[in-house]
Amino acid sequence: MKAVNSLEIPRFSGIRTFMRMPQAAEDDLTDISIVGVPFDSATSFRAGTRFGPAALREASLILKPYCPVLDVDILENLTIADYGDSPTIPGYTAESLDAIQKHLVPFYRKKTVPIVLGGDHCITLAELRAMYEAKKEPTALLHFDAHSDTIPEYFGKPYNHGSPFYHAINEGLIIPEKSIQIGIRGHLYDRHVLDYPKEKGMRIVLGDELHHRGCDEIIAEALSRVQGSPVFLTFDIDFLDAAFAPGTGTPEVEGFSTRQALYMLRKICTKINVIGMDLVEVLPDRDTSGITALAGATVIHAFLASFAWKKSNKLCQGYFR
């Protein structure tokens with residue numbers, strides 16, 4: 001399977017797949033598997049992230065395989081395919097989580113790294129359940145976000161895009177003492193909202209702390225925290241300041257630039273063992289000039305380049321077929 005050559009076939013032509021990668025059937029095996037999860041029934045404010053996977057694929061058409069920052073060509077080192085979208089049931093969150101989990105389990109059982117295009121952040125709970133079902137062990141969590149997403153329930157219901165990591169901790173899907181949440185900021189319902197994840201051992205780096213200590217110090221802490229464990233990387237686009245990512249359901253100011261995000265990802269992901277990733281909360285209807293979707297697609301590109309760099313430097317030996 002080969003990517004479309006954009007010097008021969010224009011980028012505005014053809015079926016929209018991520019970075020114009022080939023479409024694949026579920027039984028095909030590639031190093032990286034792109035899967036969309038168009039679901040937003042667990043949102044608490046603005047809906048519309050069900051269209052996030054399509055927007056990310058559209059924005060990714062402009063991306064090219066060579067990353068000059070890491071001096072690596074993604075497609076020389078990785079095979080990548082777009083496996084389409086997971087089934088979901090609009091309006092039915094628990095049932096959709098079950099359907100998403102069932103769809104993703106085969107990917108986690110193979111020697112491939114799934115990258116999921118969201119969708120609201122509730123879908124990460126289904127991903128972590130699928131990963132645990134397939135691998136029979138919890139994972140460290142590397143989480144970039146403006147929100148901790150560890151509230152037990154909303155409106156008397158357990159599942160919401162603000163609750164996935166509460167359930168992930170309770171269900172033993174992640175290792176709190178090996179996990180870190182970076183960039184958490186904004187107003188909270190009360191001063192005790194973050195007590196529960198902290199008591200369980202989660203490291204929460206507030207946005208203000210990241211601003212004051214700087215990226216390099218937090219990078220070093222994240223590496224010491226997750227290194228030696230399999231890692232699940234989840235990136236909520238509202239980690240970025242609303243000026244860089246207006247197209248999201250719960251935007252927050254006083255955040256971070258696209259450059260800071262890419263810098264941190266490259267520095268961290270070239271040194272750790274990420275076995276799954278998602279990019280969530282892109283809301284196209286609020287996305288001025290498509291800059292939010294472009295930022296999200298480029299975050300994924302930074303991860304792919306980091307992974308390709310590891311493989312080219314033989315730091316992934318034994319993982320790939």
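Residues are numbered from 1 along each chain as its sequence is written, and side-chain values use heavy atoms, with hydrogens and water left out. Because the model is predicted, local features need pLDDT of at least 70 and side-chain atom pairs count only at pLDDT 80 or more, while totals for chains, interfaces and linings use all residues.

The confidence score is pLDDT, the predictor's confidence in each residue, from 0 to 100. The protein averages a pLDDT of 94. At least 70 is reached by 97% of the residues. Residues 317–321 fall below 50. In the model, this stretch has 14 contacts beyond near neighbours in sequence; a contact means heavy atoms within 4.5 Å. Where pLDDT is low, the predicted coordinates should not be read in detail.

The interior was examined next. A nonpolar core is a set of buried Ala, Val, Leu, Ile, Met, Phe, Trp, Tyr and Cys residues joined through side-chain atoms within 4.5 Å. Buried means under 20% relative accessible area, exposed over 50%, and partly exposed in between (1.4 Å probe, protein chains only). The largest nonpolar core has 61 residues. Within this core, L142, F144, I182 and F239 touch the most other members. Helix α10 (residues 291–312) gives the largest share, eleven residues. Helices (H or I, at least four residues) and strands (E, at least two) are DSSP runs, numbered from the N terminus. Leaving aside residues up to four places away in sequence, F144 touches I182, L233, T234, F235, D236, F239, M264, L265 and I268. A second, separate core holds 38 residues, among them A42, C122, L173 and I184.

Two pockets are described here. On a 1 Å grid over the protein atoms alone, a pocket is an open set of points where a 1.4 Å probe fits, with protein on both sides within 12 Å along at least five of seven lines; lining residues have an atom within 4 Å of a point. Grid points are joined across faces, edges and corners, and a volume is the space filled by probe spheres set on the points. The largest pocket contains about 400 Å³ of space. Its lining has 25 residues, and H147, D149, I151, Y154 and Y189 are the closest to its centre. By class, this lining has nine nonpolar, ten polar and six charged residues. Ala, Val, Leu, Ile, Met, Phe, Trp, Tyr, Cys and Pro count as nonpolar, Asp, Glu, Lys and Arg as charged, and the others, Gly among them, as polar. The second largest pocket contains about 240 Å³. Of its 13 lining residues, V4, N5, S6, P65 and L75 are the closest to the centre. This lining divides into eight nonpolar, two polar and three charged residues.

Several loop sites were also examined. G48 lies in the loop between β1 (32–37) and α1 (52–60). G48 counts as buried because its relative accessibility is 8%. Residues up to four places away aside, G48 touches D40, L283 and P284.

Most residues other than glycine have a negative phi, and most peptide bonds are trans. A cis peptide bond joins G118 and G119, with omega about 15°. G119 is in the loop between β5 (113–118) and α4 (123–135). K136 is not a glycine, yet has a positive phi of about 60°. K136 sits in the loop between α4 and β6 (140–144). With a relative accessible area of 61%, K136 is exposed. E281 also is not a glycine and has a positive phi, about 75°. E281 lies in the loop between β10 (273–280) and α10. Its relative accessible area is 2%, so E281 is buried.
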